Amino acid sequence: MRPPKIWNSTPFKIAILNAASSSLLVLLTALIIYHNFHQLSRARIKQLLSDEYSVLTQRYAADGLDGLKRELNNAARAYSDEHRVYAVLSPADKIIAGNISTTPEFDGYKDLTPAQFGLKKTHRYIALSRRVDGYRVIIAFETDIFDRTSAMLSTTLVWASIAIIPLAILIGGIIGSATAARLRRMTAQIDRFAEGDTAARIDITGSHDDIDALAIQINEKLDRIERLMAAFRSIGADIAHDLKTPLSHLYLDLQSFAEENGADNPYSAKLSEAAEQTQSIVALFDSILNLARIENSPEAPPSEPVDLVTICKSLIETYEPIASDKEQSLKLVTKPAEPHVVFGDRRLLTQMIVNLIENAIRHTPQGVSIEVRIERQPNNSETLIVEDNGPGVAPGDRDNIFERFYRAEKSRTTPGSGLGMALVKAIADHHSAKISLNDAAPGLVVTVNFPARSPRKAGPTSHRIV
Amino acid sequence: MKILIVEDDEKTAAYVKRGMEEIGAVCDVINDGRNAVAAALRGDYDIAIVDRMLPGLDGISAVKAVRASGEKTPVLFLSALNAVDDRVEGLQAGADDYLAKPFAFSELKARIDALLRRPPTRPQPTTLKVGDLELDLLMRRALRAGKTINLQNKEFLLLEVLMRNAGRIMTKTMLLEKVWDFNFDPQTSVVETHISRLRAKIDKDFGRQILHTVRGVGYKIDASS
């Protein structure tokens with residue numbers, strides 16, 4: 001398994017999610033604070049306007065219009081920079097006192113711009129307009145200080161919400177890469193187990209976190225698998241003993257009866273036949289056990305350098321007469337005198353090639369040419385190819401051909417256990433070789449690709465080539 | 001001829017014993033590993049037939065113990081464990097042959113025959129002779145009645161194995177093991193095909209048959225019969 005990229009790691013994703021949500025939360029908070037502050041400051045300004053208005057109306061009540069005008073002009077002078085605007089309008093709506101020259105007509109509270117008062121300012125106003133005995137009093141306070149405060153507040157919060165993102169990513173990255181490294185170690189340890197080191201377990205850091213809990217669970221499962229594999233290895237021997245003993249007895253009895261009855265007795269032939277059937281049960285049984293043993297063998301095969309050319313030459317010598325009896329041709333195609341060495345178990349590899357050659361001979365009709373080729377790939381890996389120009393295998397059947405007991409419809413009539421190709425696949429897998437079936441148009445081509453170097457620890461290269 | 005049978009399964013032990021006594025051997029049956037080692041170390045047996053799974057001490061350990069003491073009595077393993085690895089393990093422990101259960105008595109007899117008459121370790125002859133058939137191992141050349149016969153590699157090997165065991169039956173499995181190094185049953189008639197090719201070359205034009213088929217058992221080279 002390839003270790004995941006840092007940005008695919010779970011802690012990193014959590015960090016990003018966390019960053020996004022905190023940033024959103026801060027933004028939302030900013031919005032609420034801004035809104036509340038805005039409301040609060042407006043309410044406060046309106047309160048101040050109302051207070052100011054009361055002061056002015058009291059002055060009017062005490063000293064009449066002149067008192068009001070004096071009071072108002074004093075106040076307006078105090079705010080010469082038009083931070084506050086004061087005006088009194090005559091019943092004909094003419095400004096008779098104050099620090100502005102024009103005003104819109106309105107009643108009650110209203111938001112106004114400086115332009116509406118004929119002023120060249122930037123700040124905005126909240127204005128109050130009320131009538132006192134036909135005179136209209138207008139007071140407006142600028143909101144600048146509140147606006148700037150709320151703007152500063154919201155900018156600060158928005159920047160904070162932005163700043164959270166890289167920070168959270170950085171922290172997520174650090175935690176993520178630490179966790180990713182830990183998970184990589186775990187994966188490597190599980191891989192070691194899968195490759196046959198049944199003693200391999202995941203390190204427990206002792207931090208009592210969820211990963212540790214998972215590691216402990218995985219280790220328990222690995223313990224269980226190890227026990228099962230050990231049990232499986234001994235089960236073969238157990239079955240062999242428990243089942244083969246009665247089969248042996250049956251075989252011995254049948255054989256003895258046949259001998260005692262003498263060759264002339266018609267029963268003898270039947271008894272010998274029955275004895276032979278017993279033998280084939282045992283043979284099939286041995287094949288299944290052998291296949292299971294190779295498929296489930298956790299140990300690396302004894303890695304010795306094996307020359308494919310030597311094996312194939314010998315097998316071609318063995319099978320050429322058999323092919324030629326069927327009027328088939330069987331040839332080895334390879335550069336002369338050049339060894340093609342792979343690492344593995346010579347006996348198993350021999351059996352694999354035997355099965356491939358026999359398969360080609362048995363499942364093709366007379367007159368077919370069978371070619372065994374050994375090729376070296378540019379990356380120095382070795383490829384074994386067995387190709388025939390027979391009827392081939394239907395594409396739908398090709399996937400199933402390695403299944404145990406699977407037999408293509410038309411080969412039902414050919415004798416065989418249905419385990420030959422399953423064994424080929426098991427042996428190829430055991431050597432980390434890739435096996436594929438393709439259309440030779442016409443015919444079948446079986447390709448076995450050995451890995452470039454010894455898949456597991458290879459013996460020293462000074463080994464004798466066998 | 002004295003044979004030590006180490007087998008805890010009574011039925012198999014009785015069968016082997018009866019068969020061996022029929023061909024004139026004297027048999028002792030022992031059913032556990034420890035006693036078997038003690039018996040073998042007395043050194044007065046011509047051959048030991050040993051089961052692998054035994055009470056007391058398993059067959060492999062027993063044979064190793066016997067070999068470690070320098071005792072050279074030929075040992076044939078008779079076992080239900082028939083994977084290639086089991087066989088290799090058995091032979092590496094010091095056994096001389098390995099036969100899987102269930103076995104045909106003819107197969108066991110042929111193998112015991114071959115073990116008993118296995119020539120002691122004296123220099124190998126470079127020429128094998130049976131009647132008027134001659135095999136020159138150095139020149140890799142076969143002659144019958146003075147006429148050169150061209151043999152393919154496997155035919156030569158097959159003939160060599162048969163001639164080294166002249167007069168004795170070689171079963172199909174024995175030939176597969178010795179000539180082809182196959183410890184499995186091929187799905188095609190490997191032995192039959194090569195025997196028939198060999199026969200066509202060494203027998204067909206020479207009147208007198210020298211390569212015989214023993215029906216249901218195997219093959220032998222014999223000039224006298």
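1. A definition to begin with: the expected span of a helix is 1.5 Å times one less than its number of residues. Helices here are DSSP runs of H or I with at least four residues, strands are runs of E with at least two, and both are numbered from the N terminus. In helix 6 (residues 153-164) of chain B, 12 residues reach 17 Å from the first C-alpha to the last, close to the 16 Å expected at 1.5 Å a residue.

2. Some housekeeping. This is a predicted model, in which local features need pLDDT of at least 70 and side-chain atom pairs count only at pLDDT 80 or more, while totals for chains, interfaces and linings use all residues. Residues are numbered from 1 along each chain as its sequence is written, and chains are lettered from A and ligands numbered from 1 in the order in which they are written.

3. Now the two chains. Chain A has 8 helices and 12 strands, and for chain B the secondary structure also comes to 8 helices and 12 strands. A residue is called buried if 20 or more other C-beta atoms lie within 10 Å of its own, exposed if 12 or fewer do, and partly exposed in between, with C-beta atoms placed from the backbone. By that rule, 27% of the 466 residues of chain A are buried, and 40% of the 225 residues of chain B are.

4. On contacts, two residues qualify if their C-beta atoms, placed from the backbone, lie within 7 Å. Taking contacts with a separation of 6 or more, residues 24 or more positions apart account for 63% in chain A and for 56% in chain B.

5. How do the chains meet? In total, 32 residues of chain A are in contact with 29 residues of chain B. On the side of chain A that touches chain B, at least two residues each come from helix 3 (210-261), helix 4 (266-296), helix 5 (308-325) and helix 6 (346-362) of chain A. Helix 3 of chain A gives the most, with 11 residues. For the classes, Ala, Val, Leu, Ile, Met, Phe, Trp, Tyr, Cys and Pro count as nonpolar, Asp, Glu, Lys and Arg as charged, and the others, Gly among them, as polar. This side of chain A then has 12 nonpolar, 12 polar and 8 charged residues.

6. Within chain A, have a look at helix 6 and helix 8 (residues 420-430), whose axes come within 9 Å and cross at roughly 145 degrees. Axes are lines fitted to C-alpha atoms, for helices over the stretch in contact, and angles run from 0 to 180 degrees between N-to-C directions. Among the residues making the contact are Leu348(A), Met352(A) and Leu356(A) of helix 6 of chain A and Leu423(A), Val424(A) and Ile427(A) of helix 8 of chain A. By class, the residues of this contact divide into 9 nonpolar, 5 polar and no charged.

7. Which residues of helix 4 (residues 84-92) of chain B are buried? They are Asp86(B), Arg87(B) and Gly90(B). These residues are on the same side of helix 4 of chain B because they cover an arc of only 100 degrees around the axis, the arc being that of the directions from the helix axis to the C-beta atoms. They pack against helix 3 (59-68), strand 4 (75-79) and strand 5 (97-100) of chain B. After helix 4 of chain B comes Gly94(B), with a positive phi near 120 degrees.

8. Back to helix 6 of chain B: the buried residues there include Leu158(B), Leu159(B) and Leu162(B), along with Lys154(B) and Glu155(B).

9. Two cis peptide bonds deserve a look. One joins Ala441(A) and Pro442(A), with omega about -5 degrees, and Pro442(A) is in the loop between strand 11 (434-439) and strand 12 (444-449) of chain A. Another runs from Lys101(B) to Pro102(B), with omega near -5 degrees; Pro102(B) lies in the loop between strand 5 and helix 5 (105-116) of chain B.

10. Finally, some backbone angles in chain A. Asp133(A), a residue other than glycine, has a positive phi near 50 degrees. Asp133(A) sits in the loop between strand 4 (125-132) and strand 5 (135-142) of chain A, and counts as exposed because it has 11 other C-beta atoms within 10 Å. His208(A), in the loop between helix 2 and helix 3 of chain A, has a positive phi near 55 degrees. With 10 C-beta neighbours inside 10 Å, His208(A) is exposed too.
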